[in-house]
Amino acid sequence: MLGDVWQAIDEGRYADARARLEADPALLASDPGQMALGYALAHDRRFDEAREVYGRLRAAHAGQPWEHVPLHQLGTVERLAGNPGAALRLFEEERALIERLPEDERAFKRAVNGYEVGVNRLALGEAEEARAALTAALADAQAADDPMTLGCVHRALGNLAARAGDRDTALTEYRQAQAAFQEADDERAAAETQALGDAL
């Protein structure tokens, strides 16, 4: 059932995803169900409701290793809502929680966090800070051997180069992102990244 919910979300059928969750009260009440609900609400631009869902999840797991996950999603909600400054504050809180985790769990989590920091720094026009965050995230994504995060970071580095007018670097980054997305079996992200390169 949860797989059907996420398929609906991936296809942009957010109301359908919520309906499927509501049809299964046990799933809806679970942490995975609440994570999916918050995601569907956020991407349907129902930001206040998404904040409420993830805020409850964070409070329920305060002081536990998993707390950083709903905190990360709260930051994503703010990014989607067009509030990069608020998003950055949440991602900085998340980074502090990640650094308390066992060393072997940190690289992937730092990579995802660093990607978000970079994207939000770029949204604020802080190009050098964005580059530093994304470069660190790239190293962490490589250490974690996570192609999806690698694709996201390379795409963001391509956007950074494109904004600076460096077409060659942007194309190189977009090609690397496309290859990583294909390795991750995300053909939609690969196609979207190719379109970014084609538009240069």
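Student: What does "partly exposed" mean, and which label does Arg121 get at 21% relative accessibility?

Tutor: Buried means under 20% relative accessible area and exposed means over 50%, with partly exposed in between. This is a predicted model. Arg121 has a relative accessibility of 21%. Because the cut-off for buried is under 20%, Arg121 counts as partly exposed.

Student: Which residue forms a salt bridge with Arg121?

Tutor: The closest N and O atoms of the pair are 3.4 Å apart. A salt bridge needs a side-chain nitrogen of Lys or Arg within 4 Å of a carboxyl oxygen of Asp or Glu. The partner of Arg121 is Glu92.

Student: How many residues apart are Glu92 and Arg121?

Tutor: Glu92 sits in helix H7 (residues 84-98), while Arg121 sits in helix H8 (residues 106-123). The pair therefore links distant parts of the chain, and its members are separated by 29 residues.

Student: Is Glu92 buried or partly exposed?

Tutor: The relative accessible area of Glu92 is 45%. Buried would require under 20%, and exposed would require over 50%. Glu92 is therefore partly exposed.

Student: Why does the salt bridge between Glu78 and Arg51 tie together separate parts, and how far apart in sequence are they?

Tutor: The closest N and O atoms of Glu78 and Arg51 are 2.5 Å apart. Glu78 belongs to helix H6 (residues 68-80) and Arg51 to helix H5 (residues 47-60). The pair therefore ties together parts whose separation in sequence is 27 residues.

Student: Which label, buried or partly exposed, goes to Glu78, and which to Arg51?

Tutor: Glu78 has a relative accessible area of 10%, so it is buried. Arg51 has a relative accessibility of 24%. That value makes Arg51 partly exposed.

Student: Where is Glu67 placed, and which residue forms a salt bridge with it?

Tutor: Glu67 lies in the loop between H5 and H6. At 9% relative accessibility, Glu67 counts as buried. In its salt bridge the closest N and O atoms are 2.9 Å apart, and the partner is Arg58.

Student: Leaving aside neighbours within four places in sequence, which residues are in contact with Glu67?

Tutor: One of them is Arg58, which is partly exposed at 22% relative accessibility. With those sequence neighbours left aside, the contacts of Glu67 are Arg58, His61, Ala62 and Leu97.

Note on methods
Residues are numbered from 1 along each chain as its sequence is written. This is a predicted model: local features need pLDDT of at least 70, side-chain atom pairs count only at pLDDT 80 or more; totals for chains, interfaces and linings use all residues. Side-chain values use heavy atoms; hydrogens and water are left out. Helices (H or I, at least four residues) and strands (E, at least two) are DSSP runs, numbered from the N terminus. Buried means under 20% relative accessible area, exposed over 50%, partly exposed in between (1.4 Å probe, protein chains only). Contact means heavy atoms within 4.5 Å.
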